[in-house]
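Subject: Structure handover, aromatic rings

Hello,

Please find the structure below. My notes on its aromatic rings follow.

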Amino acid sequence: MSQEIRHRIVELCEQIRDHQFKYYAQDKPTISDGEFDALLLELKKLEAAHPEFKLQDSPSDLVGGGFATHFQQSDHIEKMASLDNIFDGDELTTWFERIAKTSTTNTWLCEVKVDGLAINLLYEKGKLTKALTRGNGVTGEDVTLNIRTIKTIPHELEGKNLPDILEVRGEVFFPIEAFNEFNDLQEELGKERFANPRNAAAGSLRQKDPRVTASRPLSMVVHGIGAATGITFDSQSAAYELLKVFGLPTSTRYKVVKSAKEVSEFVSYYADHRHDIEHEIDGIVIKVNEIPIQAELGFTARAPKWAIAYKYPPEEVTTKLLDIKVSVGRTGRVTPFAFMEPVKVAGSTVTNATLHNAEEVVRKGILIGDTVLIRKAGDVIPEVLGPVVAKRDGSEKPFVMPTKCPDCGSKLRAITEGDVDIRCPNTQSCPAQLRERIYYIGSRVALDIDVLGYEAASALLEDKLIIDESDLFALTEEDLAKSQFFLKKDGSLGLNVEKFLKGLEAAKAKPLWRILVSLSIRHVGPTAAQALAKNFGSISAISSASESELSETDGVGEVIAKSIIEWFAIDWHQEIIAKWEKAGVQLVEVARESTEPQTLSGLTLVVTGSLKDFTRDGASEVIALHGGKTSASVSKKTDYVVAGEAAGSKLAKAEELGVRVLNESEFKILLADGPTALG
């Protein structure tokens with residue numbers, strides 16, 4: 001029995017070291033955080049019960065990231081510890097009891113645990129002189145040049161009486177919204193996608209060329225202090241307040257509380273709201289707030305005794321890959337997707353997950369029949385990260401990409417040279433592409449038409465009420481009466497008919513940029529569409545513009561310009577435009593007369609985060625109705641930034657430039673009464 005325990009401890013140590021290397025050095029984990037934590041917990045329990053078998057270099061005593069790469073190594077002035085983890089309320093209670101045995105604390109500081117890359121910034125007499133990754137806690141990688149490209153990190157601290165030495169600990173992260181956009185662009189360019197924002201942050205920071213790091217929207221949040229000379233702090237919260245005065249990017253998502261009950265309430269709140277934040281979190285960190293008591297409690301070999309990480313249930317899980325199928329999107333792109341044994345992840349049960357393209361399946365080494373690691377965060381479509389090779393039994397088989405479209409039988413091919421995506425070329429009449437395009441027209445990102453969802457789009461096509469999108473705005477009550485989807489059980493017209501027709505009528509007068517988006521021109525999303533509408537003013541002008549004229553438009557560029565030229569060169573696309581115009585769709589940018597008071601005349605606003613009473617597009621439209629302008633980025637010319645929940649880098653930029661930030665209530669006051677009402 002003792003030999004079995006010894007063998008298991010050695011086996012666990014090897015497995016843990018291997019997974020640490022893949023996670024910290026390669027940024028390519030093959031198991032979930034939850035599965036890794038379970039291995040480490042098993043090792044700790046075995047070592048506690050059988051200390052005679054504990055290895056001298058056990059990973060249970062070490063910080064995980066000590067692996068050499070192409071970066072120079074350098075020592076931290078003060079050791080950069082990791083955190084021990086707990087996973088439920090009982091373990092949290094045990095931790096509180098352990099603290100109470102040796103110390104009496106009056107307050108606790110709770111903060112969200114950012115899922116990024118740990119960084120140590122060294123400021124000497126207020127100037128940033130070195131930036132290191134955590135590494136093994138003693139020695140880290142020198143990433144100073146790359147850190148200097150992150151806009152939220154000051155090269156020089158602000159204020160007076162700056163300390164001679166100050167090590168600032170924090171987390172570099174990739175904002176979720178920017179991560180999704182970046183991954184989509186990577187895919188369009190035929191490059192490898194990042195598995196998650198944490199890997200994207202690590203990969204971006206470890207670029208050999210700082211210019212590559214500078215091109216990616218990394219940010220940072222401060223969560224602690226290492227060595228400090230010429231300065232002292234009474235509490236963790238006081239330290240955060242002073243770091244903010246120094247100009248460092250401190251979080252607003254922390255709270256000082258006085259009881260275990262309040263700590264539990266903080267943990268529960270962010271368990272429900274973890275996806276309302278601009279960056280990913282994987283738990284809550286609870287710290288003794290009083291720094292003298294922190295010093296009394298001290299450290300273990302790898303972690304402080306005065307702090308603990310409460311980890312939320314994992315959003316990466318494993319399940320069985322039963323099959324790989326393909327779906328056809330609105331632009332003809334054929335996407336493999338995983339059909340899996342049902343598994344619960346991020347609060348919902350999933351059976352399907354995206355695999356992006358055939359090359360991605362090969363690159364990740366995924367076989368049908370594999371046990372696979374999948375990830376889902378918030379509303380993001382689940383994604384297969386990779387196979388668990390150790391669980392293969394030999395019955396697995398490779399995926400073969402179909403050569404014909406599963407919906408129309410057309411031969412699949414890459415449309416442009418070097419394109420990693422295989423597409424169905426039958427754009428005019430492929431049932432799958434038609435259905436997806438009609439559904440997209442009704443979506444909020446396009447024309448936001450009531451009733452026109454996936455089922456309605458399918459019914460319109462299957463019942464032959466329309467041939468394609470060109471017929472959509474000519475639909476009548478008589479037409480809809482021919483489809484069961486629009487009828488009640490007694491055969492009379494359903495309530496959805498009136499709503500649908502009203503939605504179609506309202507859509508005809510939507511801004512030109514929304515009309516452009518609804519045409520499903522490849523690469524033309526809201527940002528490019530708004531730039532095109534503003535610069536050219538009509539569909540006619542856009543369709544007759546040259547490629548160079550289009551590409552010179554801010555926010556467009558060569559790839560989008562070429563796609564626009566190709567789209568308008570197709571006869572049946574021109575027929576869509578002609579039929580929509582005949583049906584009364586507004587195809588020109590109309591200077592909309594507003595009855596609203598022009599309280600924002602001459603003002604430029606940036607909207608960021610989620611507002612309660614306005615969508616992002618709705619806020620932009622109401623700003624225009626009140627005479628103002630909206631911008632996609634914050635600059636010195638910005639008058640106000642309207643910040644909702646989960647406001648990200650734009651909020652940080654506003655604070656950096658001294659641009660006034662408004663909450664939603666203040667925004668409404670500005671709309672009603674103008675700047676003077678704000679004081």
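There are 16 aromatic pairs in the structure, where rings of Phe, Tyr and Trp (its six-membered ring) pair if their centres lie within 6.5 Å. The model is predicted, so local features need pLDDT of at least 70 and side-chain atom pairs count only at pLDDT 80 or more, while totals for chains, interfaces and linings use all residues. Residues are numbered from 1 along each chain as its sequence is written, and side-chain values use heavy atoms, with hydrogens and water left out.

One of the pairs is W95 with F96: the ring centres are 5.7 Å apart and the planes stand at 50°, so this pair is tilted (planes under 30 degrees apart count as stacked, over 60 as edge-to-face and the rest as tilted). W95 is buried at 3% relative accessibility, and F96 is buried at 12% (buried means under 20% relative accessible area, with a 1.4 Å probe and protein chains only). Ring pairs join W95, F96 and W108 in a cluster.

F614 and F667 form an edge-to-face pair, because their planes are at 65°, with centres 5.4 Å apart. F614 is in the loop between β17 (604–608) and α22 (616–625), and F667 is in helix α24 (residues 664–673), so the pair ties together parts 53 residues apart in sequence. Helices (H or I, at least four residues) and strands (E, at least two) are DSSP runs, numbered from the N terminus. F667 is buried, with a relative accessible area of 0%.

Two charges also sit over rings (NZ of Lys or CZ of Arg within 6 Å of the ring centre and within 35 degrees of the ring normal). K325 lies over the face of F339, 4.5 Å from the ring centre, and the charged end of R330 is over the ring of Y440, 3.6 Å from its centre.

Regards

Key. Buried means under 20% relative accessible area, exposed over 50%, partly exposed in between (1.4 Å probe, protein chains only).
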